[in-house]
Amino acid sequence: MKGRKRFSLLLLKRKSKQMDYKVPAQTKIGHVHLKVADIERSLGFYRDILGFEVTQHYGSSAVFLSAGGYHHHIGLNTWHSKNGGPAPINSAGLYHVAILYPTRKDLAEVLMRLIQAKYPLTGASDHGVSHALYMDDPDRNGVELYWDRPKEEWPFEANGKLQMITEALDLEDLLKELHS
């Protein structure tokens with residue numbers, strides 16, 4: 001019984017340390033893997049419009065896509081979803097996947113590709129920290145394409161607290177990046 005009591009105390013101390021743990025600042029979200037109904041239809045969006053490169057096909061049921069030669073940023077599969085419908089909107093699941101572009105001009109370029117493909121946006125926002133374009137992929141998975149402003153331009157309150165906003169993004173101004 002003494003051993004159990006000591007073990008319980010160790011667990012309590014460990015639990016307290018776990019609550020203080022913070023993930024390292026260098027941690028990144030590596031990739032997203034999406035269930036889709038039709039691989040080719042999804043490739044029409046992620047490869048042909050957004051410009052991701054196919055790094056590997058996994059038979060006819062999965063494909064991996066990348067930016068810049070990484071093994072994969074996006075996985076698409078039909079393992080449990082072939083020819084299925086989209087996930088219900090009013091249920092738990094993925095709200096959206098966010099794809100970070102390195103420059104504002106890169107975001108403008110993908111906006112132009114979406115316009116040329118007549119691909120509909122569901123929103124476009126200036127969040128103070130970022131500019132974001134929103135749409136649904138062919139399976140109605142939410143997709144955010146965004147560019148982060150330099151951190152020194154982020155809106156902070158006097159007390160140092162980040163103050164994000166949601167205002168309409170000026171798409172015409174964004175497209176001016178293509179001519180600069």
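Is Leu 162 buried, partly exposed or exposed? Leu 162 counts as partly exposed, because its relative accessibility is 32%; the classes are buried under 20% relative accessible area, exposed over 50%, and partly exposed in between, with a 1.4 Å probe and protein chains only.

Before I continue, a word on the source. This is a predicted model, in which local features need pLDDT of at least 70 and side-chain atom pairs count only at pLDDT 80 or more, while totals for chains, interfaces and linings use all residues. Residues are numbered from 1 along each chain as its sequence is written, and side-chain values use heavy atoms, with hydrogens and water left out.

Leu 162 sits in the loop between strand 8 (142-148) and strand 9 (167-168). Helices (H or I, at least four residues) and strands (E, at least two) are DSSP runs, numbered from the N terminus. Together with Phe 156 and Met 164, Leu 162 makes a nonpolar surface patch of about 270 Å². Such a patch takes residues with over 30% relative accessible area and no salt bridge, nonpolar side chains (Val, Leu, Ile, Met, Phe, Trp, Tyr) being joined within 5 Å and like charges within 9 Å. A salt bridge here is a side-chain nitrogen of Lys or Arg within 4 Å of a carboxyl oxygen of Asp or Glu.

Five strands form an open sheet in the order 5-8-7-6-9, with mixed pairing; two strands pair if DSSP finds at least two bridges between them. Strand 5 (96-101) and strand 9 are the edge strands, each pairing on one side only. Strand 6 (residues 123-126) pairs with strand 7 (residues 130-136) in the antiparallel sense over four bridges. Asp 126 has His 131, in strand 7, as its bridge partner.

The largest nonpolar core has 32 residues, and Phe 45, Tyr 46, Leu 50, Leu 76, Leu 133 and Leu 145 touch the most other members. Helix 3 (residues 104-116) gives the most to this core, with five residues. A core is a set of buried Ala, Val, Leu, Ile, Met, Phe, Trp, Tyr and Cys residues joined through side-chain atoms within 4.5 Å.

Finally, two backbone angles. Most residues other than glycine have a negative phi. Asn 83, in the loop between strand 4 (74-77) and strand 5, has a positive phi near 60°. Lys 118, in the loop between helix 3 and strand 6, has a positive phi near 55°. Asn 83 is exposed, because its relative accessible area is 65%; Lys 118 is exposed, with 75%.

Methods
Areas by Shrake-Rupley, 256 points an atom, 1.4 Å probe, with all protein chains shown as cover.
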